[in-house]
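Here is a short briefing on one protein. Look over its sequence and its 3D structure first.

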Amino acid sequence: MEEWHPAICANKINIKLKKGEVLFNEGDPVSGIYFVYSGVIKVYKQWDDDKELIIRFAENGAILGHRGIGPNLNYPISAAALEPSVVCYVSMKFFESTLKVNGELTYQLVNFFASELRKSERRMRDLAHMSVKGRVAGALIKLQKQFGTTTDGFINITLSRQDLASFAGATYETVFRVINELVQEQSIRLSGKSIAINNPDALAALRQHNK
């Protein structure tokens, strides 16, 4: 989303977030949108009364709060910092007026929405048809693709088992069991909360198995 930065740099407010701090909650009135400057933000929805489903992880350059654009003036998702982060806030009034005069920005936003829709459709399909083990395997593959690996081969983001469960659309207890199975099968290895993929082909094969 780097193409958008010049359009907003003169009308921004930078916000620093501590680890675990909530940027906005599902149902809050929309006041503006946010761009991630540094850190990692988890974007999630409430799932049942006491669970959450992590939609995506937003990092440098990503946009947040765009789902509030339009007639629905409440955020349909929540966002919270996974680590110390800095986000840039732009009022919705300024952003919408910019869209009206900046064709390139509007074009980029339409493409972004289309990409988001395709990802959401794939995610709903996976939740409906993929086994829990396949969803955990898919979550690990997505995390490695997005964040890369450290010098010793671990996925370059440290998630709690609860956050991993929320990203995979499963319960903590089920993910704990699946992770142990994958370790025993030597598909992954652990070091504390860090996870390394030993056998990407085995994980990819699990993603192909339906319930």
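The points below cover confidence, strand pairing and nonpolar cores.

This is a predicted model, in which local features need pLDDT of at least 70, side-chain atom pairs count only at pLDDT 80 or more, and totals for chains, interfaces and linings use all residues. Residues are numbered from 1 along each chain as its sequence is written, and side-chain values use heavy atoms, with hydrogens and water left out.

**Confidence**
- The protein has a mean pLDDT (the predictor's confidence in each residue, from 0 to 100) of 85, and 89% of its residues reach 70 or more.
- Confidence is lowest in helix 1 (residues 5-8), with a mean of 62, and highest in strand 10 (residues 194-197), at 96.
- Helices (H or I, at least four residues) and strands (E, at least two) are DSSP runs, numbered from the N terminus.

- Of the 7 residues in strand 8 (residues 85-91), 5 are buried, meaning under 20% relative accessible area with a 1.4 Å probe, protein chains only.
- Two strands pair if DSSP finds at least two bridges between them.
- Strand 1 (residues 13-17) runs antiparallel to strand 8, joined by 5 bridges. L17 has S85 as its bridge partner in strand 8.
- Strand 3 (residues 32-38) is also antiparallel to strand 8, with 6 bridges. Here G32 is partnered with S91.

**Nonpolar cores**
- A nonpolar core is a set of buried Ala, Val, Leu, Ile, Met, Phe, Trp, Tyr and Cys residues joined through side-chain atoms within 4.5 Å.
- The largest nonpolar core has 31 residues; L23, F24, Y34, I41, L64 and F95 touch the most other members.
- Another core, of 29 residues, lies apart from it and includes A139 and L164.

Notes
Buried < 20%, exposed > 50% of the residue type's maximum accessible area, 1.4 Å probe, protein only.
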